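Trainee: I am new to this structure. Please show me how to read its features, one at a time.

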Amino acid sequence: MRYFPLFLDLDGRDVLVIGGGSVALRKVETLCSAGARVRVIAEAIHEALRALATRDGIPLQERRFESRDIEAHGLPRPRLVIAATSDREVNAVVARAADAAGIPCNVVDDRELSTCLMPAIIDRSPVQIAVSTGGASPVLARLIRERLEALLDESLGPLAQFADRWRVTARKVLANVSARRRYLSWLLTGSAAQAIRSGRSAEADRLATRELARLCHRADRADRDADSTAAGHVSLVGAGPGDPGLLTLKGLRALQEADVVIHDRLASAGVLELARRDAERIDVGKRPGAGTSQDAINALLVEHARRGRRVVRLKGGDPFIFGRGGEEIDALRAAGISFDVVPGITAAVAASASAAIPLTDRRHVHAVRLITGNDAGILDAFDFSDVAAGRETLAVYMGVAQLPALRARLLAAGVTPAMPVALIENASRAEQRVVATTAASLVAAADAHHVASPAIALVGSVAVNQTRST
Ligand code: SAH
């Protein structure tokens, strides 16, 4: 380890900054937010820094730095020195003087002169993450920071405060050490954490009280069965159409926290890879005549949550669009298991984007309808007159096997034979294909190109916009 990482308490303590430009300004701002008492020496001072100094009462000395400024008579000895001038010679003088006085010194973007480095920071106070590449590549440190920023949502700070608050109570109330440990981990992963994340802090406190009471009761009975105490949670997560880039950040976080991922056939390998390495993965993909029945899936969700695990039910597209998500949450409600739903990009939206076919058009198409095409009887019950009138776009899911029925219903409803239809197979995936055809020839086109599931049909005048045809 080349550098020793450390978090410094500068609240109310003195820091000397040499330099008055925009780089110095940023350092002064960060130092002030940590409560440091900053003093600045610089030959020229940036307007914004001057304004900040006036506002916050920061002493500015407009002159060249001299070595004796480090330990100036009558002034407190700084705990940290930062050199942020654009003149390397001045920076070197500062660094030497600070080193001689035994005070850590950071020279911005100059690790040779520095005795300490400033990391890239992800601030979710009280949680702070500092990233350093040991000066090798500040750009890489910033890239890592951006990734972490995306992974760690704003609720992390409130979550840490929540856990801190209840930790103190748990210490008083729960004498049993293993029960206490379980409670502390439940605070961060259980249903109360979920409530904090969605900004429902009163509910989180209620849940924390209830769980604490339950654990006290169990500890009294000396029940040490780890599995039966913690309450699990199920997240229904929309995996999107396949391209991992189309998963939401919230979905990604849920995947990375999951102990077990129960997924569909449509959840792509690329998305599954984003789950924790050690998470259990269960494929319940429903193929015609195979796969796991919906009842069995519901039972599986309940069973894993009852064992105190964080379950992600990963579903292709969006969980609530032809995803049977409704049946799953009914089962979870009936079993009293906490859950949340993370939406996903549904196939119609993904297909529309990747084939460059807008689903609506302000000039003439004022509605879009998502329908399931897997049952000719269901198709019979629909009125296609708005499609025929060119006012509506139709997105037909699960329709590959029933294209002849779809064609017949459309034409019978008065849809013109020349009405554009786009068949989009594997939208957003590397294997994506778009077949441009018309209402009259959609069956022939699908046969000629061997269009197979998963594919979606977009029907309507908008479907003509796209130019690609495979
Ligand atoms: N919940 C999913 C739909 C599940 S039904 C969603 O919101 O997208 C399964 C049907 O979705 C498939 O038969 C197909 O019509 C469509 N589908 C799902 N992923 C698709 C993809 N990548 N490309 C085209 N169609 C897709």
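Mentor: Start with a strand pair. This is a predicted model. Strand β15 covers residues 420-425 and pairs with β16 in the antiparallel sense, over six bridges.

Trainee: Which residue stands opposite Ala436 in β16?

Mentor: Ala422 does.

Trainee: What is the strand order in the open sheet with parallel pairing?

Mentor: That sheet also has an order to read: β3-β2-β1-β4-β5, five strands with parallel pairing. At the edges stand β3 (60-62) and β5 (105-107); each has a single partner strand, so one side of each lacks a neighbour in the sheet. Neighbouring strands here are turned by 15° against each other on average, direction ignored.

Trainee: Over how many bridges do β2 and β3 pair?

Mentor: Three bridges, in the parallel sense, with β2 spanning residues 37-42. For a residue to look at, take Val40: Leu60 in β3 stands opposite.

Trainee: Let us step back. Which domains does the assignment give the chain?

Mentor: Take them in chain order. Domain 1 is 14-118, domain 2 is 121-152 and domain 3 is 157-229. Then come domain 4 (233-345) and domain 5 (349-463). For a sense of spacing, the centres of domain 2 and domain 4 are separated by 30 Å, taken over C-alpha atoms.

Trainee: From which domains does the shell around the ligand draw at least three residues each?

Mentor: Domain 4 (233-345) and domain 5 (349-463) each supply at least three. There are 19 residues around the ligand. Those that come nearest are Asp318, Ile321, Thr346, Ala427 and Ala455.

Trainee: How many residues of the shell around the ligand are nonpolar, polar and charged?

Mentor: Sort the shell by class. Twelve are nonpolar, five polar and two charged.

Trainee: Which polar backbone atom is 2.7 Å from a nitrogen atom of the ligand?

Mentor: One of Ile321. A backbone N or O atom of Gly316 lies 2.9 Å from a ligand nitrogen atom. A polar backbone atom of Pro241 is 3.0 Å from a nitrogen atom of the ligand. Now look at cover: on its own the ligand has 540 Å² of accessible area, and the protein covers 94% of it.

Trainee: How is the size of an interface often given?

Mentor: As the accessible area lost when the parts come together.

Trainee: Next, the backbone. Where is a cis peptide bond with omega of about 5°?

Mentor: Read the two residues that the bond joins. Here they are Ser125 and Pro126. Pro126 sits in the loop between β6 (120-124) and β7 (127-131). Another cis peptide bond joins Ser453 and Pro454, with omega of about 0°. The loop holding Pro454 runs between α18 (442-448) and β17 (455-459).

Trainee: What is the phi of Phe322, positive or negative?

Mentor: Positive, about 45°, although Phe322 is not a glycine. Find Phe322 in the loop between β11 (310-315) and α13 (325-335).

Conventions
Residues are numbered from 1 along each chain as its sequence is written. This is a predicted model: local features need pLDDT of at least 70, side-chain atom pairs count only at pLDDT 80 or more; totals for chains, interfaces and linings use all residues. Side-chain values use heavy atoms; hydrogens and water are left out. A residue is near a molecule or strand if one of its heavy atoms lies within 4 Å of it. A polar contact is a pair of N or O atoms within 3.5 Å; within protein, one must be able to donate a hydrogen and the other to accept it, and residues adjacent in sequence count only if both atoms are side-chain atoms. Accessible areas come from the Shrake-Rupley method with a 1.4 Å probe; for residues, only the protein chains shown count as cover. Ala, Val, Leu, Ile, Met, Phe, Trp, Tyr, Cys and Pro count as nonpolar, Asp, Glu, Lys and Arg as charged, and the others, Gly among them, as polar. Domain bounds come from an automatic or database domain assignment. Two strands pair if DSSP finds at least two bridges between them. Helices (H or I, at least four residues) and strands (E, at least two) are DSSP runs, numbered from the N terminus. Axes are lines fitted to C-alpha atoms, for helices over the stretch in contact, and angles run from 0 to 180 degrees between N-to-C directions.
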